[in-house]
Amino acid sequence: MASILAPPGVSDIFPDEIPRWRQIEDAASRIFPLYGYSEIRTPIFEFTELFQRGIGSETDVVRKEMYTFEDKGGRSLTLRPEGTAGVVRALTSGTDLAAGVSQRVFYFGPMFRGEKPAAGRRRQFHQVGVENAGTVSAAADAESVAMLMHFLEEVGIVDSTLLVNTRGSLEDREKAEIFLSDFFVKRVSDLCEDCRERVSRNVWRVVDCKRPGCREVVAGLPDISGCFSSETRDFFAQVCGHLDTLSVEYRIEPRLVRGLDYYAHTVFEVTHSGLGAQDSVAGGGRYEITLPNTGKPIHGVGFALGVERIMLCQNSLGIPAPGQKTPEIFIVSLGDAAKLANFALASRLRHRHIPCVCGLEGKSM
Ligand code: HAM
């Protein structure tokens, strides 16, 4: 009889893999609190509208990749494709972030995106993420980037490349969008089918397209920072200055815009050669996120790393997985009386934190 397989793009995590997962989670729990962050856990599904409004209804994530379903009450729910929208929603329920109260949190957990499965691209994958919500400061952006690099160092990934850029403020957008549309309209025949539509719907997504033909066109895109105000350029210069102060090495990548529409100002991504085509191990930036039923946008900065991709990087670097702890004691009993006594003995050992396994089936020695 054929066994039932897991759906494509999702994986089981077996006991021998757990120490590596724990190692990554433990590193997050050690590093992020050094910067004043505490752990938060939010639901795995949310109202669909949260992601539509929060991430942007024209992003690929929202348009094509969400797992959305109706519950018995006819409400549209979605498995979270990322953590920021849900975390900001949770934080706004207890704190007035719009009034400038800041909160620093980190999280782990599964995320869901209906992408074509490939190496490093899963439909259920796991993120370690952080949000510093309620702050507006170039120093906060630089500190977030520095914390990301500190975390990567802690898990042994020391040879990655950090790319940074600015997407401009929301007020700068219109000018930049006109500039981008003018550029792409002239080259529309060289773009993929999706991008031909994106030129009028959401031109930022063309800049972010990973298809080789589009990347070639994007490679010829002139620097758009000329469309940004002097305040925006000054903010970005301050971020870079703070990174220099912290001795964080980075490269300014003028074509980095990121795939989620809540970003404004600083964006960053970390790539690693061990990852192949899906080469980003982490990404983040400064955001202005508008949630359903909230007036003002919430400002913040944060990032997320893909746990599976961290492991691919570690494997490519030959970093050994930590060993698994297995019990050193196995109790075998001869006869029913011994079995009962050993059952109690095993219990006493475990209460003294001594791992042991007791044969329960009366098998021969
Ligand atoms: P993101 O770039 O969409 O950003 O995802 C962050 C990381 O999650 C990626 O760099 C990658 O390592 C991993 N990842 C994304 N999709 C997949 C996939 N299908 N399979 C495996 N790994 C994947 C965000 O999610 C933002 N919420 C980050 C953020 C937090 N920005 C501000 N705060």
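**The chain and its ligand shell**

The chain has an accessible surface of about 18,800 Å², and 53% of that belongs to carbon and sulfur atoms (Shrake-Rupley method, 1.4 Å probe; for residues, only the protein chains shown count as cover). This is a predicted model, where local features need pLDDT of at least 70 and side-chain atom pairs count only at pLDDT 80 or more, while totals for chains, interfaces and linings use all residues. Residues are numbered from 1 along each chain as its sequence is written, and side-chain values use heavy atoms, with hydrogens and water left out.

Of the 365 residues in the chain, 46% count as buried, meaning under 20% relative accessible area (1.4 Å probe, protein chains only). Twelve helices and 13 strands make up the secondary structure (DSSP runs, H or I of at least four residues for helices and E of at least two for strands, numbered from the N terminus).

Now to the ligand. Around it sit 27 residues, with Glu-82, Glu-115, Arg-122, Tyr-263 and Ser-280 coming nearest; a residue is near if one of its heavy atoms lies within 4 Å. Strands E6 (124–133), E10 (280–289) and E11 (298–306) each supply at least two residues of this shell, and E10 gives the most, with seven.

An N or O atom in the side chain of Glu-115 is 2.7 Å from a nitrogen atom of the ligand. For Arg-122, a polar backbone atom is 2.9 Å from a ligand nitrogen, and a polar side-chain atom of Arg-258 lies 2.9 Å from a ligand oxygen. The protein covers 95% of the 660 Å² of accessible area that the ligand has on its own.

Key. A polar contact is a pair of N or O atoms within 3.5 Å; within protein, one must be able to donate a hydrogen and the other to accept it, and residues adjacent in sequence count only if both atoms are side-chain atoms. Buried means under 20% relative accessible area, exposed over 50%, partly exposed in between (1.4 Å probe, protein chains only).
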